[in-house]
Structure formats: structure tokens, C-alpha cells
Amino acid sequence: MGCRDVHAATVLAFLSGTAALSGLIAAALLPNWRQMRLYTFNKNEKNVTVYTGLWIKCVRFDGSKDCVIYDTEWYTAVDQLDLRVLQFTLPISMLTTVLALFLCLIGMCNTAFISSVPNIKQARCIINSAGCHLVAGLFFFLACVICLAPSIWVIFHNQEMNKKYEPVFSFDISVFIAIASAGGLLFTAILLFLWYCTCKTLPSPFWQPLYSHAPSVHSYASQPYAARSRHSAIEIDIPVVTHAT
């Protein structure tokens with residue numbers, strides 16, 4: 001694995017994390033977390049489906065694509081605990097993913113554009129590529145957990161509501177999008193962890209996540225003259241004898 005260069009694994013991880021973030025945004029905005037079907041026995045009327053999202057609610061008649069009622073202030077009056085929890089956890093998961101993508105991008109740019117030989121005077125301030133990718137993987141995993149747990153809870157809470165009231169509730173496509181996005185975040189985290197575990201065996205201190213002290217000057221600079229071999233044909237000391245007048 002070309003760890004000293006921008007590798008396909010890190011690029012794939014960045015693209016996968018970006019796709020997962022797009023899925024989280026779509027799941028958060030779509031009004032398709034829960035459906036409630038209301039049936040009528042009047043042949044002159046149509047059945048009604050209530051589409052519930054995290055921020056808006058839409059009411060439609062069967063066979064219609066337009067919302068009869070479009071409640072944009074639903075987010076202030078959410079009376080379902082699982083959706084209320086998702087109103088907090090999904091934005092937190094998205095912010096965590098953005099931070100992880102930013103760290104991943106910094107690591108790739110540092111690998112691509114920074115010289116392989118560090119400036120000794122600035123060694124304590126060097127951006128460590130391996131550290132960026134490792135921390136980014138941790139943030140991706142954290143975002144996955146924050147998103148996945150409440151999304152799965154929606155499925156079980158939906159079953160509880162059907163038992164408590166009537167079997168008219170069903171979870172919608174946003175649940176699947178959120179779970180798939182969490183899977184993408186987990187895949188991204190595992191990919192970065194595998195990349196780091198493969199690259200950390202390199203002898204260079206660049207592949208350590210943190211510096212305990214500045215890298216030694218002797219590991220990069222040439223050895224002093226006194227340490228060189230005095231048997232070299234080029235560096236033999238020739239004494240000069242002068243006669244006093």
C-alpha cells in the first residue's frame with residue numbers, strides 16, 4: 001500500500017464519507033420517517049396517508065402527489081419521542097461527519113503537497129497525515145453510532161405504537177436511508193483503520209499519530225565530520241609541518 005502517497009483507500013474513504021453525509025442530509029429533510037394510514041368506509045371519500053418527518057408533516061389522499069396539508073411547523077410540536085431524539089442526533093452526526101471529512105482532506109493534502117523531509121525547527125507543529133486519518137476514522141465511527149442507534153429505535157417504536165393504538169403506523173424510506181448512511185460511515189471508518197494499521201509499520205515518525213518529542217536532527221541530517229571514517233581516501237588528514245625561522 002503506497003502510504004507515502006495519496007492512496008486509493010484514503011480517496012475511497014473520503015468519497016464514501018461524502019456519500020454517507022449526503023444520505024444523512026436527505027434522510028433529515030425528507031418527510032418520510034413514519035406513515036400513518038387512515039382508512040374510510042365511505043366510497044365517496046379517499047383514504048388518507050400522513051407522512052411524518054423530523055421537521056415537516058404532509059397529508060395526502062390516495063393517488064395524489066400533492067400535500068393537502070403541509071405543516072412546516074411540525075418540528076415545534078413533535079409528540080413522538082423517537083423523532084424528537086432524531087432531531088438532535090442526526091444534526092450532531094452530520095457535524096461529526098463534516099469534521100471527519102475535513103480531517104481526512106487535510107491528511108490527503110498534507111501527504112500530496114508537503115515534502116517528505118520535515119523542517120526540524122517546525123517539527124512540533126507538523127500536521128501528521130496518519131494522525132489526521134486515524135482521528136477521522138474515529139469521528140466517522142462516532143457519527144455512525146450516533147445515527148444508527150436512534151434510526152433502529154424508530155423501527156421498534158413503530159411496533160410499540162401499533163400495539164398501543166391501531167396497526168396504522170409504518171416506517172418509511174428515510175429510516176432505510178439513515179441506516180444505509182450509517183453503514184457507509186462504518187465502512188469509511190474501517191477503511192481508514194485498515195489503512196493506518198498497514199502504514200504504521202513504516203519506520204518514519206510520520207506514521208505515528210502523535211509526536212512525543214521533536215524528531216531527532218540526526219535522523220535526517222548528515223553525520224558530523226568527527227563521526228565519519230578517517231580511512232576514507234578523500235578525507236585523510238594531512239599534517240603540515242612548518243619550520244620556524
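Predicted model: local features only at pLDDT ≥ 70, side-chain atom pairs only at ≥ 80, totals over all residues.
Strands here are DSSP runs of E with at least two residues, helices are runs of H or I with at least four, and both are numbered from the N terminus. Residue numbers count from 1 along each chain as its sequence is written.

Strand E1 covers residues 34-38, and three bridges join E1 to E5 in an antiparallel run. Resting on this part of the sheet is helix H3, residues 129-164, which touches E1 and E5; contact means heavy atoms within 4.5 Å. The direction of H3 makes about 170 degrees with that of E5. Such angles run from 0 to 180 degrees between N-to-C directions, with axes fitted as lines to C-alpha atoms, for helices over the stretch in contact.

Now let us move to the other strands. Strand E2 (residues 48-52) and strand E3 (residues 57-61) are antiparallel and joined by five bridges, and a hairpin of four residues links E2 to E3. Threonine 49 has arginine 60 in E3 as its bridge partner. From E3, three bridges lead on to E4, again antiparallel, with valine 59 partnered by isoleucine 69 in E4.

Put together, these five strands form an open sheet in the order E4-E3-E2-E1-E5, with antiparallel pairing; two strands pair if DSSP finds at least two bridges between them. Its edges are E4 (69-71) and E5 (169-171), each pairing on one side only.

Definitions and conventions. Heavy atoms only, no water.
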